[in-house]
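Trainee: I would like to go through this model term by term. For each label, please set the value against its definition.

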Amino acid sequence: MFSRAEFDRRIARARDAMASAGADLLLVDSGELLAWLTGYTVSETMYRAAFLPREGDAWFTLRALDEAPCREKSWISDVVGFADTDEAQAAVAASIRERRFADARIGLDTNSYSMSAATFMRLSALLPDASFIPMPGLSDSLRWVKSDEEIAVLRQASAIADKAMLEIARQARPGMTTRDAAAIASQVFLREGADTGEVGPVVKATGSHEFLHGAFKTETITEGDILHVELIPRVGNYGARMMRPVVVGEPSATLNAAAEKLVALQDRQIAAMKPGAVARDIDAIMRQGALDAHLRPTYENVTAYTLGLYTRTPRTSDFSRVFLPTSHWVLQEGMVFHLYATAQGLGFSETVAVGADGGVRLTTSPRCVLTGLGKHPFEQTLSGS
């Protein structure tokens with residue numbers, strides 16, 4: 001999916017981080033970093049890891065059953081498969097010893113969900129002469145800034161989200177259920193080339209913003225109800241995200257007014273997302289703006305979080321970089337975020353890349369309350385995008 005030059009760029013970034021930490025060998029075991037660095041990832045049914053030396057060739061150690069697809073998808077040619085009857089950690093340690101890194105300084109991400117306490121203790125016991133160098137958060141930080149090739153894939157995923165959202169709005173009518181709407185999106189995803197048909201939360205909006213993580217169930221939509229739709233298509237494991245409210249019938253003037261205020265605040269955030277901007281300042285535009293406009297009595301959730309590679313992992317969202325009042329880090333060109341705002345039963349979100357002159361929306365659906373039972377003036381624009 002990516003050029004060899006792209007992987008060479010990633011390898012160089014990883015080796016720069018190793019040099020800064022004083023590591024001779026990098027152990028990679030988080031699903032996202034495996035995919036990013038090697039081109040191949042697999043669930044941790046049994047422990048597996050890839051290794052990148054500061055100098056020399058990389059290798060991958062994993063179940064023999066996964067050896068063939070790894071060779072097919074990865075640039076790594078040295079692939080070591082172990083039998084299911086073998087102990088995975090022992091096989092990984094053996095591959096390290098065989099390549100003469102038994103006494104090396106081995107860098108590892110201590111925040112990796114695959115590096116459990118049990119795995120770390122077992123590897124330490126099997127490699128008593130090695131020194132383990134903590135590199136916490138490396139699996140995320142290496143991937144924060146996206147290349148042009150990565151953003152191109154995120155654009156593909158964003159276009160799928162746009163098409164699916166339009167299709168839901170077009171078909172929305174009284175009697176539709178949340179399950180019907182999710183099925184529409186899933187069909188579009190698969191038809192347009194998404195990795196899977198998995199959609200995000202599709203629920204009837206209630207209250208202020210509590211519906212965001214509402215449990216998916218079959219709810220019937222009647223005229224005037226707000227159908228909250230969050231779409232999360234992935235292409236090559238790169239996920240775009242977008243939220244819109246869909247109303248069957250005519251939304252009230254009050255609802256449209258609230259939507260216009262939220263969108264205006266979010267547009268200000270997007271415009272301010274320039275390299276060097278401080279995340280908390282971008283966050284304050286929405287957080288304080290929504291409070292000042294009395295859109296919400298409190299605003300305690302994040303207003304954006306990192307987007308990019310989503311693969312086999314316990315987490316469904318990447319909060320390694322978020323917009324909060326406590327976020328003192330600065331934006332860099334090429335970062336990509338899920339920017340979202342919710343209030344009064346409305347949810348609007350976009351996939352936004354940090355560009356040289358401000359944020360660039362990768363999702364392009366109209367920023368308004370979408371309505372069912374009618375042909376939208378933007379239909380032709382989106383269907384031809």
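Trainee: How many residues line the largest pocket, and which lie nearest its centre?

Mentor: The lining has 40 residues, and Arg 234, Asn 237, Leu 309, Tyr 310 and Thr 311 are the ones nearest the centre. The model is predicted, so local features need pLDDT of at least 70 and side-chain atom pairs count only at pLDDT 80 or more, while totals for chains, interfaces and linings use all residues. Residues are numbered from 1 along each chain as its sequence is written, and side-chain values use heavy atoms, without hydrogens and water.

Trainee: Why is this called a pocket, and what makes something a cavity instead?

Mentor: On a 1 Å grid over the protein atoms alone, a pocket is an open set of points with protein on both sides within 12 Å along at least five of seven lines; in a cavity a 1.4 Å probe fits but cannot get out; lining residues have an atom within 4 Å of a point. The largest pocket holds about 1000 Å³ of space, a volume filled by probe spheres set on the grid points, which are joined across faces, edges and corners.

Trainee: Which elements give two or more residues to the lining of the largest pocket?

Mentor: They are helix 1 (4-21), strand 10 (238-239) and strand 14 (336-343). Helices (H or I, at least four residues) and strands (E, at least two) are DSSP runs numbered from the N terminus. Domain 1 (4-142) and domain 2 (148-371) each supply at least three residues to this lining; the bounds come from an automatic or database domain assignment.

Trainee: How many cavities of 30 Å³ or more are there, and which residues line the largest cavity?

Mentor: The count is one cavity at that cut-off. The largest cavity contains about 40 Å³ of space, and its lining consists of Asp 140, Arg 143, Trp 144, Lys 146, Thr 306, Leu 307, Gly 308, Leu 309 and Asp 318. Leu 309 is also among the residues nearest the centre of the largest pocket.

Trainee: Why is strand 2 called largely enclosed?

Mentor: Buried means under 20% relative accessible area, exposed over 50%, and partly exposed in between (1.4 Å probe, protein chains only). Five of the five residues of strand 2 (residues 49-53) are buried, so the strand is largely enclosed by the rest of the structure. Ala 49, Phe 51 and Pro 53 are buried on one side, and Ala 50 and Leu 52 on the other.

Trainee: How do you know which strands pair with strand 2, and in what sense?

Mentor: Two strands pair if DSSP finds at least two bridges between them. Strand 1 (residues 25-28) is joined to strand 2 by four bridges and runs antiparallel to it. Strand 3 (residues 59-63) pairs with strand 2 over three bridges, again in the antiparallel sense. Both counts reach the cut-off, so both are pairs. As examples, Pro 53 is the partner of Leu 25, Phe 51 faces Leu 27, and Ala 50 is opposite Phe 60. Strands 2 and 3 form a hairpin with five residues between them, and Gly 56 in the turn has a positive phi of about 105°.

Trainee: Which other strand is joined to strand 1, and how do they run?

Mentor: Strand 5 (residues 105-108) is joined to strand 1 by three bridges, and the two run parallel. Leu 25 has Ile 106 as its partner there. Strand 1 is covered on both faces, with Leu 25 and Leu 27 buried on one side and Leu 26 and Val 28 on the other.

Trainee: What makes helix 2 mostly covered?

Mentor: Eight of the eight residues of helix 2 (residues 31-38) are buried, including Glu 32, Trp 36 and Thr 38. Gly 39, just after the helix, has a positive phi of about 90°.

Trainee: Are Gln 344 and Glu 210 buried or exposed?

Mentor: Gln 344 has a relative accessible area of 34% and is therefore partly exposed. Glu 210 has 52%, so it is exposed. Glu 210 lies in the loop between strand 7 (202-204) and strand 8 (226-231).
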